[in-house]
Amino acid sequence: MRRAICFLIALLASVGAAYSHNPDTSYARCLVTDDHVELRLTYDVFTLLKIVDLDADHDGRLTREELRAGTPAIQRFLRDHVRLEIDGQLVDLGEGLDAVWPKGAPDTIAAPEWHAAESLIVFPFRRTVASPPHDIALTFTFFRELGAQHTVLGVFDHRGQTQEVTFTDGEPDYLYDVTYVAEPTSRETILTALRRFLVLGINHILFGYDHICFLLALLVAVSRLKELVKIITSFTVAHSVTLILAALKIITLPQRLVECGVALTIVYVAAENLWRKNITHRWTLTFFFGLIHGFGFATVLAGMELPREAIVRCLLSFNVGVEIAQLGIVLAAMPVLSLLAKAGYAAGTRLVVSICVGLFGLGWFVDRVFRLGFMPF
């Protein structure tokens, strides 16, 4: 039992690290026309609070008035940390337009919703150009302020043709060749987008402690490889279906409802580990739960406004990244679990891991239902 507890502590340490370094995600859409370049920068409230103290009265609620008051400071920050080059010339972002309040959101956004997709606020800038641009370069220099794990999901849009780009601390800039990327059959363009979203999918799992906990709850109860393959396969198929349906907006669910559902899947699987020894049915249960997790994966790309053809391509790549990360976790955990089983600690490990993961899921569920805000990611 002591060894099982030590193993659990190591697992929770890795989960805690994922929590403390969970990357924020923002969005950038660059629309290029013959007479102007429009840049739409999108952030959730949680990220904006790192830029300026929007909640002026510190009551845990953001109002439209507070956003209007804080917009000039946010625009100054973005002008200082987002570099725009047109045809090799460094220019300012242009006219700063009014910030766009989240569509469908109430007049106030409570603190527990500050991290959610429903709290995304858009800051548009429009730069007039004298002639059609040939290339556009974007560079983001705010990773020290927003965090080294911050990710910007970007889209360049010119005459209906799009180029998807991911900006990170390691790759903070991108040169968009208007003429070159407008060719939809460009093999290099497609491969670049696929690689970037593959990495994004891997990071989403490795830094997403909810999915890691769900996998741990599944793994500690499985002793046969055949059963594990069935479980992982059913989970993959299920979340792939809802991931694409949600991203294409064929089926949409409120993020709060999805997060509550994900939390309950963790609670149920952990609880079932305590009272059931025969889990041959688990692959069917995991398929149903995978449908719920797919909606959660879709929120990662919520602010990109990709056209349908780009969404399908990027989501498939993102999904492959998710599977690579899941497989990595499985391959890392299974040898350790096998050793514990041979040493006679399988039952103790299953008990301790299931209880702790179940309590985590329950805490997350309560937090989301009552909007307490103590588990912000």
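Reply: Start at Phe-318. Leaving aside residues up to four places away in sequence, Phe-318 touches Phe-197, Leu-198, Leu-200, Gly-201, His-204, Leu-243, Phe-297 and Val-300. Touching, or contact, means heavy atoms within 4.5 Å. The model is predicted: local features need pLDDT of at least 70, side-chain atom pairs count only at pLDDT 80 or more, and totals for chains, interfaces and linings use all residues. Residues are numbered from 1 along each chain as its sequence is written, and side-chain values use heavy atoms, with hydrogens and water left out.

Now widen the view. Phe-318 belongs to the largest nonpolar core, which has 53 residues. Such a core is a set of buried Ala, Val, Leu, Ile, Met, Phe, Trp, Tyr and Cys residues joined through side-chain atoms within 4.5 Å. Buried means under 20% relative accessible area, exposed means over 50%, and partly exposed lies in between (1.4 Å probe, protein chains only). Phe-214, Leu-219 and Phe-318 touch the most other members of this core. In soluble globular proteins, nonpolar side chains tend to be buried together.

Which elements give two or more residues to this core? They are α6 (187-206), α7 (209-219), α8 (225-247), α9 (255-275), α10 (282-298), α11 (308-342) and α12 (346-370). Helices (H or I, at least four residues) and strands (E, at least two) are DSSP runs, numbered from the N terminus. α11 gives the most, with eleven residues.

Look at one helix pair here. The axes of α7 and α10 come within 12 Å and cross at roughly 175°. Axes are lines fitted to C-alpha atoms, for helices over the stretch in contact, and angles run from 0 to 180 degrees between N-to-C directions. That angle makes α7 roughly antiparallel to α10. The cut-offs are under 35 degrees for roughly parallel, over 145 for roughly antiparallel and 65 to 115 for roughly perpendicular, with the rest oblique. From α7, the contact uses His-211, Phe-214, Ala-217 and Leu-218. From α10, Arg-282, Thr-286, Phe-289, His-293 and Phe-297 take part. The residues of this contact divide into five nonpolar, three polar and one charged. Here Ala, Val, Leu, Ile, Met, Phe, Trp, Tyr, Cys and Pro count as nonpolar, Asp, Glu, Lys and Arg as charged, and the others, Gly among them, as polar.

Follow Val-37 to the strands. Val-37 stands opposite Arg-127 in β8. β2 and β8 run antiparallel and are joined by eight bridges. Two strands pair if DSSP finds at least two bridges between them. β2 and β8 belong to an open sheet of six strands, in the order β6-β8-β2-β1-β10-β11, with mixed pairing. The edge strands β6 (95-96) and β11 (161-167) each pair on one side only. β6 pairs with β8 (residues 121-128) in the antiparallel sense, over two bridges. Glu-95 has Arg-126 of β8 as its bridge partner. Helix α3 (residues 64-81) packs on this sheet. α3 touches β2 (36-43), β6 and β8, and its direction makes about 55° with that of β8.

β4 and β9 sit in an open sheet of four strands, ordered β5-β4-β9-β12, with antiparallel pairing. β5 and β12 (173-177) stand at the edges with a single partner strand each, so one side of each has no neighbour in the sheet. The twist averages 25° from one strand to the next. Five bridges join β4 to β9 (residues 135-140). Val-82 stands opposite Phe-140 in β9.

Two loops deserve a stop. Asp-87 lies between β4 (82-86) and β5 (89-91). Asp-87 has a positive phi of about 50°, although it is not a glycine. Its relative accessible area is 33%, which means partly exposed. Arg-159 lies in the loop between β10 (151-158) and β11. Arg-159 has a positive phi of about 55° and is not a glycine either. At 65% relative accessibility, Arg-159 counts as exposed.

Last, the whole protein. Its secondary structure comes to twelve helices and twelve strands. Of its 377 residues, 52% count as buried.
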